[in-house]
Amino acid sequence: MRLKVIRTATIEAEPRPNIWDIVALILVIGAMVLIVYGVKQTTAPLSELERTPLSLDPATLPLYALRTTIRMLAAIVCSTIFTFIYAAVSAKSRRAEMVLIPLLDILQSVPILGFLTFTVIFFLNLFPGQVLGAELASVFAIFTSQAWNMTFSMYQSLRNVPKDLEEVIQSFHLSGWQRFWRLDVPFAMPGLIWNAMMSMSGGWFFVVASEAINVGNTTVTLPGIGSYVALAIQQRDLSAIFYAILAMFLVITAYDQLLFRPIIAWADKFRFEQTASGEPPTSLMVDLFRRTRALRAVTWPFSAINRAIWNLRISLPQLGAPAKSKGRPSRLIDGLWVAAILAGTAYAAWLTYRYLSASLGLNDVFIAIRNGLITLLRVIVLISLATLIWVPIGVWIGLRPKIAERIQPLAQFLAAFPANLAFPVFVVGIVSFRLNPDVWLSPLMILGTQWYILFNVIAGASAFPSDLREAANSLHLGGWRWWFKVILPGIFPYYVTGAITASGGSWNASIVAEVASWGDTHLNATGLGAYIASATEAGDFPRVILGIATMCILVTLFNRLAWRPLYAFGERRLRLG
Amino acid sequence: MLDQPSALIDIRGVCRSFPKGSGEQLLVLERVDLTIRSGEIVGLLGRSGSGKSTLLRIIAGLLAPSTGRATCRGEIIAGPPNGVAMVFQSFALFPWLTVLQNVELGLEALGVDATERRKRALAAIDLIGLDGFESAFPRELSGGMCQRVGFARALVVHPDLLLMDEPFSALDVLTAETLRTDLIDLWIEGRLPIKSVLMVTHNIEEAVLMCDRILVFSSNPGRVAAEIKVELPHPRNRLDPHFRLLVDSIYARMTQRSEPKAPAIEGIPSTGVGMTLHHVSSNVLSGLIETLANAPYNGHADLPDLASQLQLEADEILHLGESLQLLRLAQLSEGDLVLTEAGKRFAHLETDARKRLFAEHLVTYVPLMGLIRRVLDERPTHTAPAARFRNELEDYMSEDYAAETLKTIVSWGRYSELLAYDEQSETFSLENPG
């Protein structure tokens, strides 16, 4: 029996450790020490922060980077747990789904920094006088930049679980808990990981804002790369900015190599295909751990615990009971449920109205909408420009696999790059050439998000079937005809996916990008982002709410009226294969 | 049930309906009786849509009957009963689990401890001829090997009844045959840890090859049309005259009641519009007519013969035959397919003339096409949304069948140039570009 042999290799034999064991061991222990150290810092009292002000000394950067990293890690763990629960509940309960999915759609369009404004006070009060409260607020802000798209992806997967596998689960009497770990989670895994990676990029973008918290009278500066950047901007320290860029580069690379690549290589087995794929993803880390001998024995208890968890005989409410034709959902309860939702909504609307109307007039609404339309115009113009620039470049790169392989990680890194880091260039440029900030601050909005267009177009062009290219060549299609009849329709679905992400990201970034400062020089563009940013700084909550609500409505409408139809069109007519 | 102490499964007067697009119920299974005893292989044979898979799922406890009684060892089936395991047409293996883990899955749910689990799983893998593949993932295996895993996974729980839902129809001819014989050999030698088998199939020869008893289902709604005992000794030989005779008689039985019928519904005068059309490409129809017209058939073919020459399953050849019969280009009778005069003419015409003949028959004999043409002619714009006809169809049939019927109409309508269809706006029109 072949299996015995495999097992011997992992547990029974006590093989002498090899060199890879030592390397891997140091990595594991080191990671543990760092996490413990970083977490310990968070329990310090808040006054500690004031006593030890941030320093721009590059020697402090590694520690700051560590704390930022731990925050990111905490956020991604929270996002994953949130995703599991929220997506599972929405996919299994029809009534919960009626509320939760539209809610998620709206949450997605709420600007991330908007969440920070409201939650920071709540979290600070939760742990009065402790750094932990501020840490949680920061983690929560990063969480809001990650959780929604992960949840959507998982929900979509859960709705599309293959029916025959579901029947296997039922007919073999697996419990709801076993089903979740054996079917639902593995099936959702590839989409979830991809979205977690995208989320991580988004998280970096907002880490700067979420560490240097400045809401009304509340000012908290948590040690981290983000607040280091904020301080460098305040003190006009170019070399510090450079060090921050370097640190960020290293941390993002480390994240990619030490966390995501191993996960992707491992998750390759969850791809839902019955046929073998071409090239399996590889990871240095996974190879390293696969080469270790003794350490694999050490990991055995973990996999045992893992197995014990999914074999727990926890009975969740039976979700897949046989569908009886009589057992139709009760209309009465549905009616009551809808009525309850409507009543709750009406009450919330009334509360909001009462709160806002106390301090705001109709005129304020018009101002907010006008600002919103200006930002909308900016988003449209910028996405169009980015399209004109990056689509041809992306196609060129995508059709050359060797180059694409090298460019892809670079584009992903650039997407994680916070706009603040480019403040010095823009502010100094605008001031010295006396440019109009309304126009020239705009590119900051798309600085981080344009890359989504680039790497989706690259992906689309790489996936373009070579037989179609050959057919186009043999028909002597060239010039405009080649672009419009061949390649552009071919990459359209990919482009739309990228453009949707880019446009959503640009709205989010407007809060950071429409207000830029470099030392004492503050530049303000007119727009909804600047409106929300200045209201936040002044602690003017009614205006913050108004601004966020306006942005939510505009983003949702923009998505529904422009992007969704385009996406549907692309999926229906232009999806290849 | 005192007189049948060994009844494993007892089905009495079971009906099952599904909600239709229009909100009413569509009956797919009508008053079915079935008893499965220990030690037999029972086959449910029928066309697609005859409700045989529905019946299998009722026995598996995955669906509940609308009315009637389904019991397993005397107890009403509510949820999957113990001692019943299922093999799926699509294999339904978990791609992220190895062969061994897939096989162990059912035992895990039973709470069997790890060593025992491993022992039984390895025994099942051994039995079904998968030795050496324990650590492979399904995507590394061929279809035949995957289905072997499916069998091992079902057998490892030592079920009393093994349910098989068209287990060989996703495999190529050679692989399917090997797997069938392996399984029958194990069954005869008494090495399978099971008492009975119930299999669903639309392959007549497969049913005759494997089963002790065959229940032939008729369609719309599904009911048992005949019960046939197969008393040939194992191993059975496909070329044995008795075997051929039995296959021929089942073919005849299945073509008997397949005259195109327009289901009349009480209160609604039957317009024949609610006839389900199965999509068959006009290319295939033309090809079949040519084959029939030429030697050796010369306009008259025995269905089993034709099926084996064209490498088609009984189900497929019957669909083709019915489409031709509907268009009055051929006639099905007693297991034969005979070209009509029009069909013979069709075989010798040029492309354009063929289209004209096809169009003529389509308008005359397919009521839905007649209706669409009338509507298009009457409307000043000469266009009509597909939704108008889809709604009407869904009064008679399920959404899936309505979609397939419309797809057929579009395809035939385009070939015959009777109508044009714009997929994006989902409208029919009269204009043909060019």
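Buried residues account for 42% of the 434 residues in chain B, and that is where I'd like to start today. Please keep in mind that this is a predicted model.

So, how does chain B compare with a globular protein of its length? In terms of content, the chain has 15 helices and 16 strands. Its radius of gyration is 24 Å, close to the 22 Å that the globule rule gives for 434 residues, so chain B is as compact as a globular protein of that length. If you picture a box along the principal axes, the C-alpha atoms of chain B fill roughly 75 × 50 × 50 Å.

The domain assignment gives domain 1, made of 7–83 + 195–255, and domain 2, which covers 282–429. Their C-alpha centres lie 30 Å apart. How many residues does each domain of chain B bring to the contact? Domain 1 of chain B gives 16 residues, and domain 2 of chain B gives 16 residues. On the domain 1 side, the largest share comes from helix 7 of chain B, residues 241–256, with six residues. Sorted by class, that side of domain 1 of chain B has seven nonpolar, six polar and three charged residues.

In strand 2 of chain B its bridge partner is Thr35(B), while in strand 4 of chain B the partner of Asp10(B) is Thr71(B).

Next, a sheet of six strands in chain B. This sheet is open, with the strand order 6-7-8-3-9-10 and mixed pairing. Which strands of chain B stand at the edges? They are strand 6, at 84–87, and strand 10, at 223–229; each has a single partner strand, so one side of each is left without a neighbour in the sheet. From one strand to the next, the twist averages 20°.

Strand 6 of chain B runs parallel to strand 7, residues 161–165, and four bridges join the two. Within that pairing, Ala85(B) has Leu162(B) of strand 7 as its bridge partner. Lying across strand 6 and strand 7 of chain B is helix 4, residues 143–155, which runs at about 175° to strand 6 of chain B.

There is another open sheet in chain B, this one of three strands. Its order is 14-16-15, and the pairing is antiparallel. The edges are strand 14, at 383–385, and strand 15, at 420–422 of chain B; each has a single partner strand, so one side of each is left without a neighbour in the sheet. Neighbouring strands here are turned by 25° against each other on average, direction ignored. Strand 14 of chain B pairs with strand 16, residues 427–429, over three bridges in the antiparallel sense. Pro385(B), for instance, has Thr427(B) in strand 16 of chain B as its bridge partner. Helix 14 of chain B, residues 386–394, packs on this sheet, touching strand 14 and strand 16, and its direction makes about 50° with that of strand 14 of chain B.

Finally, let's turn to chain A. Chain A is divided into domain 1, 42–271, and domain 2, 360–573. Taken over C-alpha atoms, 22 Å separate the centres of the two domains of chain A. The contact takes 29 residues from domain 1 of chain A and 29 residues from domain 2 of chain A. Which elements supply at least two residues each to the domain 1 side in chain A? Among them are helix 5 (94–109), helix 9 (176–211), strand 1 (212–215) and helix 11 (238–267) of chain A. Helix 9 of chain A gives the most, with seven residues. By class, this side of domain 1 of chain A divides into 18 nonpolar, ten polar and one charged.

Technical notes: Residues are numbered from 1 along each chain as its sequence is written. Chains are lettered from A and ligands numbered from 1 in the order in which they are written. This is a predicted model: local features need pLDDT of at least 70, side-chain atom pairs count only at pLDDT 80 or more; totals for chains, interfaces and linings use all residues. Domain bounds come from an automatic or database domain assignment. Two residues are in contact if their C-beta atoms, placed from the backbone, lie within 7 Å. Ala, Val, Leu, Ile, Met, Phe, Trp, Tyr, Cys and Pro count as nonpolar, Asp, Glu, Lys and Arg as charged, and the others, Gly among them, as polar. The radius of gyration is taken over C-alpha atoms; the globule rule is 2.2 Å times the number of residues to the power 0.38. A residue is buried if 20 or more other C-beta atoms lie within 10 Å of its own, exposed if 12 or fewer, and partly exposed in between; C-beta atoms are placed from the backbone. Two strands pair if DSSP finds at least two bridges between them. Axes are lines fitted to C-alpha atoms, for helices over the stretch in contact, and angles run from 0 to 180 degrees between N-to-C directions.
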